[in-house]
Amino acid sequence: MSAATAPEIAEIGSLRRTLRDSGLVAGRYLRVLWLNPGRLIYPLVQPLILLVLFISVFGNLAVRGHPEVGAYRQFLIPGIIIQNAALTAPIAGLSLLRDAGSGLADRFRSLPMSRAAVLIGRLICDAIVLAAQAALLLITSLGFGFSISSGLAGAIGIVVIAVAFGLSISVASAWLALTIHDAETAERVMYFPSIMLSFVSSAFAPVAFLAVWMQPIARVNPVTAAADLIRSLAAGGSAAGPALLLTAWVIVLVTIPGILAVRRWQRSP
Amino acid sequence: MSQSKTVPAVEAVGVAKNFGSVTALGGVDLTIPAGTITALLGPNGAGKTTLVRIIATLTKPDRGQVRVLGIDVVQAPAQVRARVGLTGQYVGLDDALNGRDNLMLIGRLAGLDRRAAQTRAVELAELLGVADALDRAVRTYSGGMRRRLDLAASLMTRPPLLVLDEPTTGLDPASRQQLWEALAGLRADGTTMLLTTQYLEEADRFADAVHVLRHGKIIASGTAGQLKDKVADRVVQIRLGRPDDAAAAVGLLAGALSLSQSQIHVEAGSGQLTFGVGDGAGADGADTLLRAAAALRSAGVAIADLGLRQASLDEAFLALTGAQS
C-alpha cells in the first residue's frame, strides 16, 4: 500500500471545497429520503391537512377595514404557507442534534472536510422539502380560490420566499438544538419559538387587529415580513417594506446562528 | 513517504485534559514510531479514549503538545485529519444507507474523487470480507460486519496512521478474530496503528509496544514481551481450611516457590491467598499449582479450595503499579 494519495480536490476552507462537500452531505440526506419515501409522506401531507383545517375554520371570517383583501382566505393562505415553513424548520436542528451524538458525527469531525458542509448540506435537503411543501400548498390553495395576480413568476417568487424564510429559521434551529444539547429537551422546546413567531405576527390577522402589546413585536417579526411579501405578490400592493425586513432577517439569521452552529457542531461532547 | 519514516507517527508531550473536575489525562508522554503497532491498555475511565480523540483532533488538550507525523494537532487540525484514519468506539456509519454509499460518502468527503472512491470501496470491501454485503443497508449488518465496514471507511484514503478505539468491543470471538486478521494484513502493508483495548491478551498479541494507562497516566510501557514478564497473566487462588493458617501458609509458599511474601495477596479473615504465576514462580501454571499444594500439604495446612485462573485486568494493573513503585 502506498502513502496517502494526494487527492486533486480543492483546499479545505475554499468556497469550491465547501460547495462540493455540502453537495455530498446533501446527497446523503436525499439518498436516505429516496430509499425511505415514507419519510416524505408526513411533511408533504400534514401541511395540506392544516391548510384545509385552517380554511374550514377561519376562512369565511370577514376582515373589516381591509378593502384590498377581498376575502379572508386570500389573507390567510400566505400566513399558512409561512407558518408551515416555520413548523418545518426545527427538523433541521433536531436532525443535526441526533447526528451530533452518533458515531457518524465523530467520523465527520475526523475527516479533512469542510466544517460548514454538515450544516449547509442539511439545509440543501431542507430547501428541497420546503419548496415542495410551498408548491403543494400553493396548488391546493388555487382550488380554494386563492389568486396570484402576478402569475407564474409570482408563484415562483412565493415558493422562493417560503424557502428563504424557512432556511433562516432552520439555521437558527440548528444553533438552538445544538446549544440545548439534550435531544429530549430539544424535541419539546424547538417548536415553541415557531408557534410564538406564527401567532405574534400578521400570519392569521392584520397587525392592527392584534392585542396592543403584540403589535410592536409583530411588526418586526420575520413571519410578518414573509407573509406580507407573499400577499403583495399575490394581490398586488407595496412589496418594498416587507422585502427589506425579510432580507435583513434572512441575512442575520443565516450568518450569526450559522457560524455559532458550525462551531458547536465541531466541538465534540 | 521518506519523511514519515523518520518523523514519529505520534509525539505527545505532557498532554493533560480535564472535564470539569475530572482529570481525564494528567500529563501523558507518548511516542509512536512510524510503521509500528502501539496499544493503549487500561480499564474504563483510564483516559484511553480522551488521548485517542486528542490525537485524532476531536478533542483539544488543555496542556501539552501533540504532533502527528510532525504536524501539531491544535495548530493544523485539517492537515492532521488528512493523515489519520479513525475507527471510533461507536461505528461511524449511516444505518439507512448501504455499505457502498457509506464508503463513497466518507471517501469522497475525505477528498477522493468519485472514480478513486469507487475503486477503493470495492478493494477494501474484498479485503475486509464485506464485498457481498456492499449493496445492503448497513442496518441489516451483523456487529462484526459493521465494524469491518467502519474500518474500511477509515482506510479509504490510505491514511499513514490508523487510530482504533476499542475496535473489538462487543464482538463475538469469531468476529474479533476476523477483525484482527484484517488488521494483521494492514500491519504487513506498513500502516502505523494505535489501538486501545481493555484486553491484556489482545495488546500482547498484536502490539509492538504497549502503554498501560491508569487514572490518566501511563503507568507502564514496554514491548509486548517486556510487559508480559512484568504482569502475571494467571493467578493461583487458594482458600485455606482454617483462616488462621494464613500467615504460616504465606511463609511456606514464599519458600517453596521463591516468591517474596509481599507478592502473595492475603484477603483478611477469609483465608484466601492469591499470587501471580508470572511473579517469579516460573511460567508453568500447573507445576506452580502442584508445588504450592505439596508445600502446604506437607506442613499440614488444610486446603479448602485450590485453582488456577486468568488474572483479572485489575490484578494485572495492581502487579504493574507494584512494579513501578
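How many helices and strands does the secondary structure of chain B come to? The answer is 12 helices and 14 strands. Helices here are DSSP runs of H or I of at least four residues, strands are runs of E of at least two, and both are numbered from the N terminus.

## Basis of the model

This is a predicted model, in which local features need pLDDT of at least 70, side-chain atom pairs count only at pLDDT 80 or more, and totals for chains, interfaces and linings use all residues. Residues are numbered from 1 along each chain as its sequence is written, while chains are lettered from A and ligands numbered from 1 in the order in which they are written.

## Chain B overall

Chain B has 325 residues, and 45% of them count as buried. Buried means that 20 or more other C-beta atoms, placed from the backbone, lie within 10 Å of the residue's own. Along the principal axes, the C-alpha atoms fill a box of roughly 80 × 45 × 40 Å.

The chain is divided into domain 1 (2–229) and domain 2 (232–324). These bounds come from an automatic or database domain assignment. Taken over C-alpha atoms, the centres of the two domains of chain B are separated by 38 Å. Among contacts in chain B with a separation of 6 or more, 70% join residues 24 or more positions apart. A contact needs C-beta atoms, placed from the backbone, within 7 Å.

## The six-stranded sheet of chain B

An open sheet of 6 strands runs in the order β6-β7-β8-β3-β9-β10, with mixed pairing. Strands pair if DSSP finds at least two bridges between them. The edge strands are β6 and β10 (217–223) of chain B, each pairing on one side only. Neighbouring strands are turned by 15° against each other on average, direction ignored. Angles run from 0 to 180 degrees between N-to-C directions, and axes are lines fitted to C-alpha atoms, for helices over the stretch in contact.

Within this sheet, β7 (161–165) and β8 (192–197) of chain B pair in the parallel sense over 5 bridges. L162(B) stands opposite M193(B) in β8(B). Helix α2 (48–55) of chain B lies across β3, β7, β8 and β9 and runs at about 155° to β8(B). Helix α6 (143–154) of chain B touches β6 and β7, its direction making about 165° with that of β6(B).

## The four-stranded sheet of chain B

A second open sheet has 4 strands in the order β12-β13-β11-β14, and its pairing is antiparallel. β12 (265–267) and β14 (303–310) of chain B each have a single partner strand, so one side of each is left without a neighbour in the sheet. Here neighbouring strands are turned by 20° on average, direction ignored.

β11 (234–240) of chain B and β14(B) pair over 7 bridges in the antiparallel sense. I238(B) has L306(B) in β14(B) as its bridge partner. Helix α10 (246–257) of chain B lies across β11, β12 and β13, at about 25° to β13(B). Helix α11 (285–298) of chain B lies across β11 and β14, at about 165° to β14(B).

## Where the chains meet

In all, 37 residues of chain B are in contact with 26 residues of chain A. On the chain B side, α3 (77–81), β6 (84–87) and α4 (99–109) each supply at least two residues. The largest share, 5 residues, comes from α4(B). This side divides into 20 nonpolar, 9 polar and 8 charged residues. Nonpolar covers Ala, Val, Leu, Ile, Met, Phe, Trp, Tyr, Cys and Pro; charged covers Asp, Glu, Lys and Arg; the others, Gly among them, are polar.

Definitions and conventions
Two residues are in contact if their C-beta atoms, placed from the backbone, lie within 7 Å. A residue is buried if 20 or more other C-beta atoms lie within 10 Å of its own, exposed if 12 or fewer, and partly exposed in between; C-beta atoms are placed from the backbone.
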